[in-house]
Amino acid sequence: MPVSTFVDDPEPTDQKASIWRYIEFWKLQDLLQTRELYLRRSDKHNDEQEGLPSSEYERVLNLSKYELNDIRERDHSIGSLAQFRQSFYVNCWHLHIEETATMWARYGKDGVAIVSRYDLLKQVLDPLPDKVMVGLIRYGTKHLTSWNVVRFVTTKREKYWREHEIRAMIWLTDTGDGMNRHFDLNNRPHDRPIYDPPPTLPKGIRRCINVEDLIKEVVVSPLAPDTRMSEVQQLLASANISATVRKSPLSQYSSLIPTEEELKQYMP
């Protein structure tokens, strides 16, 4: 099934734009050994608001915080979205503008950044039989014009804007999910599912891709041990991938890079 874009077609101006995927070392090992791209269910990411509208956008529902029926309607609307998002599976990339210590500390740690291009990501996903979407994540609420699950699942809160996320996403549209898992035994709606999803909605899915066409370069994290360069080179050689490997130029400042825990203290 051909790859499509998100609502309003948010894409990089340059289809050949450089994209980076900052990952821990074991994830590179998994990708090269399985030749499968792993996509995680959207509600399993670190941001618990992933795929849900911000509280400031809930105003479009025009509901009162104090009327019981309005409270039930609000919980039903948000609870439904919280289930709908569970059918979206995500693989995250970074639109490369500049290399940052923050991205290494948060996502790369002791690992690497896989360097590719936006058009190549679309190319390797195009043969998949799934409903695949690729595009730029947008931040804040200014672009939102409707109560739409795809808009919400491709929108993040303003504080994440520095991630410049490119998202590859598979939407499982036929899951056998009754979509009423946010109602309790008294038929009262909640703003989150209170029952687990069916087995047809696992925590993650894998898809075989042409890894050789995707990986053009591998950059070793400034936080990685000295042996990481040779380990990456050996992995690529074993997988018959000719991508170049280089150390991050930030390696000389590795002692100044904050840890992920330290970053959390300063996030707005």
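You are looking at a predicted model, where local features need pLDDT of at least 70 and side-chain atom pairs count only at pLDDT 80 or more, while totals for chains, interfaces and linings use all residues. Residues are numbered from 1 along each chain as its sequence is written, and side-chain values use heavy atoms, with hydrogens and water left out.

Now widen the selection to strand β1 (residues 18–23), which runs antiparallel to β3 and is joined to it by two bridges. Strands here are DSSP runs (E, at least two residues), numbered from the N terminus, and two strands pair if DSSP finds at least two bridges between them.

Next, pick Arg40 and look across to Val90 in β3, which stands opposite. Strand β2 (residues 36–41) is antiparallel to β3, with two bridges joining them.

Then go to Phe88, which faces Trp171 in β8. Here seven bridges join β3 to strand β8 (residues 165–171), again in an antiparallel arrangement.

Colour β3 (residues 88–95) by accessibility: seven of its eight residues are buried, so the strand is largely enclosed by the rest of the structure. Buried means under 20% relative accessible area, exposed over 50%, and partly exposed in between (1.4 Å probe, protein chains only).

For the last stop, select Ile194, in the loop between β8 and β9 (204–208). Why does Ile194 count as partly exposed? Because its relative accessibility is 38%.

Key:
Helix = DSSP H or I, 4+ residues; strand = E, 2+ residues; numbered from the N terminus.
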